[in-house]
Amino acid sequence: MAELGKGLLGLGVLLVILGAALMLAARFGVPLGKMPGDISYRGKNVSVFFPLGTSILLSVVLSLIFYLISRFRR
């Protein structure tokens with residue numbers, strides 16, 4: 001049970017950090033969700049949004065962060 005509690009606390013801290021990063025990105029004008037390559041379609045009765053450009057950017061940034069973390073842990 002203690003491991004589950006630690007995991008939930010870790011997830012909560014991660015969500016707080018992610019929320020703070022998104023708030024800072026909005027304050028500095030980073031256009032997350034409105035980047036080139038993001039696909040959006042609005043019809044009469046349907047609206048579809050696929051953030052392809054944002055997903056690729058986040059993938060590259062997270063890959064770089066995890067790579068750097070793994071290099072420093074050795």
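Helices (H or I, at least four residues) and strands (E, at least two) are taken here as DSSP runs, numbered from the N terminus. On that basis the chain of this predicted model reads α-β-β-α along the sequence, with 2 helices and 2 strands in total. The radius of gyration of the chain is 17 Å, well over the 11 Å that the globule rule gives for 74 residues, so the chain is more spread out than a compact globule. Along the principal axes, the C-alpha atoms fill a box of roughly 50 × 30 × 20 Å. Of the 74 residues, 5% count as buried.

**Strand pairing**

Strand 1 (residues 39–42) and strand 2 (residues 47–50) run antiparallel and are joined by 4 bridges. Ile-39 lies in strand 1, and its bridge partner in strand 2 is Phe-50. Ile-39 is also 5.8 Å from Phe-49, C-alpha to C-alpha, although 10 residues separate Ile-39 and Phe-49 in sequence.

**The largest pocket**

The largest pocket holds about 330 Å³ of space. Helix 1 (2–27) and helix 2 (52–73) are the elements that give two or more residues to its lining. Helix 2 gives the most, with 6 residues. The lining divides into 12 nonpolar residues, no polar and no charged ones. Among the lining residues are Leu-14, Ile-17, Leu-18, Leu-32, Leu-58, Val-61 and Phe-66.

**Two residues compared**

Thr-54 has its place in helix 2, whereas Ile-39 belongs to strand 1. The table sets out the accessibility and contacts of each residue, where contacts leave out residues up to four places away in sequence.

| Residue | Relative accessible area | Contacts |
|---|---|---|
| Thr-54 | 9% | Leu-32, Gly-33, Met-35, Asp-38 |
| Ile-39 | 48% | Val-48, Phe-49, Phe-50 |

Why is Thr-54 classed as buried? Buried means under 20% relative accessible area, and Thr-54 is classed as buried because its value is 9%. Ile-39, at 48%, counts as partly exposed, because that class covers values between the 20% limit for buried and the 50% limit for exposed. One of the contacts of Thr-54 is Leu-32, and Leu-32 is also one of the residues lining the largest pocket. For Ile-39, the contacts include Phe-50, its bridge partner in strand 2.

Technical notes
Residues are numbered from 1 along each chain as its sequence is written. This is a predicted model: local features need pLDDT of at least 70, side-chain atom pairs count only at pLDDT 80 or more; totals for chains, interfaces and linings use all residues. Side-chain values use heavy atoms; hydrogens and water are left out. Two strands pair if DSSP finds at least two bridges between them. On a 1 Å grid over the protein atoms alone, a cavity is a set of points where a 1.4 Å probe fits but cannot get out, and a pocket is an open set with protein on both sides within 12 Å along at least five of seven lines; lining residues have an atom within 4 Å of a point. Grid points are joined across faces, edges and corners, and a volume is the space filled by probe spheres set on the points. Ala, Val, Leu, Ile, Met, Phe, Trp, Tyr, Cys and Pro count as nonpolar, Asp, Glu, Lys and Arg as charged, and the others, Gly among them, as polar. Buried means under 20% relative accessible area, exposed over 50%, partly exposed in between (1.4 Å probe, protein chains only). Contact means heavy atoms within 4.5 Å. The radius of gyration is taken over C-alpha atoms; the globule rule is 2.2 Å times the number of residues to the power 0.38.
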